[in-house]
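Student: I have a model open and would like to learn how to read it. Could we go through it feature by feature?

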Amino acid sequence: MAEHHGHDHHPEPPSAVEARARALESLLIEKNLVTADAIDRIVEVYESDIGPLNGARVVARAWVDPEFKRRLLADGAAAIRELGISGLRGEHLVVVENRPGVHNVIVCTLCSCYPWAVLGLPPTWYKSAAYRSRMVINPREVLAEFGLHLDEDTRIEVWDSSAETRYMVLPERPPGTEHLSEEELAALVTRDAMVGVARVEVPARA
Amino acid sequence: MSDRSRTPAAQMEGAAALPRRNGELVFEAPWQSRIFGATVAMHEAGLFEWREFQGRLIEEIARQDSEDYYRRWLTAFERLLVERGLLGRDEIERRAGEYRRLERDLLD
């Protein structure tokens, strides 16, 4: 059964410059001069995935250092500062751990709250009405659409982000990775795994 | 797709150079990355030459007394779109007003 953790959201008017930027983007998309996907793709490539990279470093450290993991689960914001990651603007970071029988996934049902500091920019689908509403109602089905098929007896916990509290998923370390260094482990961790719509996979040996 | 270091946007130098930290691009708000992405995507789709945008960006940097790089980028991009007849000034004003007054959902 999915649990739903609700919080306050914040429909505040945008700044003049933000409204203007949004106006240009929406008009360009309406006129088919650009697509939201094309913008996503450019941003993702240019940013060199710097956002998800921060999250991946956090996950890899937690996998190799049980004490760090304990601190991370107790106070996410303080633990990521240990790794030199800043960028949180006073909001809490709650890290939720996947383990056998429990799978976590994050969503923002009312807007697009996202753990920026560790995951960078949210993908367009995260902001879509379909993802925001359906993940709460039927997470198992939505996860299956992402290609993540969970056993019936795995409990799915859905964490609803807010302006005050952002969530990040600590995925399970895949089996067969005992020989990998922290850096090699970080390279396996994807944005989708930290949102909770994928597992961390080990690429087949070449 | 993997090597972006040689593309026109990444090669701009001096005051027009993209803001970076440790060599990585820095965006301070989602709108900045969206407007950056739209500009590069439209250039890559062949809708304008990079120098057409870059020239306006350099003008805006010289003209606007602001520390905010992407604010000037936004003005330069808007000017390019209007001057090339891709968007109308009036529709931009109208749409921005709707977002500003929350008459339109920011996420749609």
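Student: How many residues does chain A have, and what percentage of them count as buried?

Tutor: This is a predicted model. Chain A has 206 residues, and 39% of them count as buried. Its secondary structure comes to 11 helices and 5 strands.

Student: What percentage of the contacts in chain A join residues at least 24 apart?

Tutor: Consider contacts between residues at least 6 apart in sequence; in chain A, 74% of these join residues at least 24 apart.

Student: Now the two chains. How many residues of chain B are in contact with chain A?

Tutor: The size of an interface is often given as the accessible area lost when the parts come together. Here we have residue counts instead: 32 residues of chain B are in contact with 31 of chain A. On the chain B side, the elements that give two or more residues are β2 (24-25), α2 (30-44), α4 (69-83) and α5 (89-100). The largest share, 11 residues, comes from α2(B). By class, the side of chain B that touches chain A has 22 nonpolar, 2 polar and 8 charged residues.

Student: How do I describe two helices that pack, and at what angle do α1(A) and α2(B) pack?

Tutor: Two packed helices are described by the angle between their axes and the distance between the axes. For α1(A) and α2(B), the angle is about 35° and the axes are 10 Å apart. Their crossing is left-handed. From α1(A), the contact uses A:E18, A:A21, A:R22, A:L24, A:E25 and A:L28, and from α2(B) it uses B:W31, B:R34, B:I35 and B:A38. That contact has 6 nonpolar, no polar and 4 charged residues.

Student: What is the angle between α1(A) and α5(B), and which hand does the crossing have?

Tutor: These two pack at about 120°, with their axes 8 Å apart. The crossing is right-handed. Among the residues in contact are A:A16, A:A19 and A:R20 of α1(A), and B:E91, B:I92 and B:R95 of α5(B). The contact divides into 8 nonpolar, 1 polar and 5 charged residues.

Student: Next, α4(B). What span should its 15 residues have?

Tutor: At 1.5 Å a residue, α4(B) should span 21 Å, and its end C-alpha atoms are 21 Å apart, which agrees. After α4(B) comes B:G85, whose phi is positive, near 75°.

Student: How many residues of α4(B) are buried, and what covers them?

Tutor: A residue counts as buried if 20 or more other C-beta atoms lie within 10 Å of its own. In α4(B), 11 of the 15 residues are buried, so the helix is largely enclosed by the rest of the structure. The buried residues include B:Y69, B:Y70, B:W73 and B:F77. Their cover includes α1 (16-30) of chain A, together with α2, α3 (50-63) and α5 of chain B.

Student: How does α3(B) pack against α4(B), and which residues of α3(B) meet it?

Tutor: The angle is about 130° and the axes are 8 Å apart; α3(B) and α4(B) are therefore oblique to each other. The crossing is right-handed. B:E52, B:F53, B:R56, B:L57, B:E60 and B:I61 of α3(B) meet residues of α4(B) that include B:R72, B:W73 and B:L80.

Notes. Residues are numbered from 1 along each chain as its sequence is written. Chains are lettered from A and ligands numbered from 1 in the order in which they are written. This is a predicted model: local features need pLDDT of at least 70, side-chain atom pairs count only at pLDDT 80 or more; totals for chains, interfaces and linings use all residues. Two residues are in contact if their C-beta atoms, placed from the backbone, lie within 7 Å. Helices (H or I, at least four residues) and strands (E, at least two) are DSSP runs, numbered from the N terminus. Ala, Val, Leu, Ile, Met, Phe, Trp, Tyr, Cys and Pro count as nonpolar, Asp, Glu, Lys and Arg as charged, and the others, Gly among them, as polar. The expected span of a helix is 1.5 Å times one less than its number of residues. A residue is buried if 20 or more other C-beta atoms lie within 10 Å of its own, exposed if 12 or fewer, and partly exposed in between; C-beta atoms are placed from the backbone. Axes are lines fitted to C-alpha atoms, for helices over the stretch in contact, and angles run from 0 to 180 degrees between N-to-C directions. Angles under 35 degrees count as roughly parallel, over 145 as roughly antiparallel, 65 to 115 as roughly perpendicular and the rest as oblique. A crossing is left-handed if the near helix is turned anticlockwise from the far one by less than a right angle, and right-handed if clockwise.
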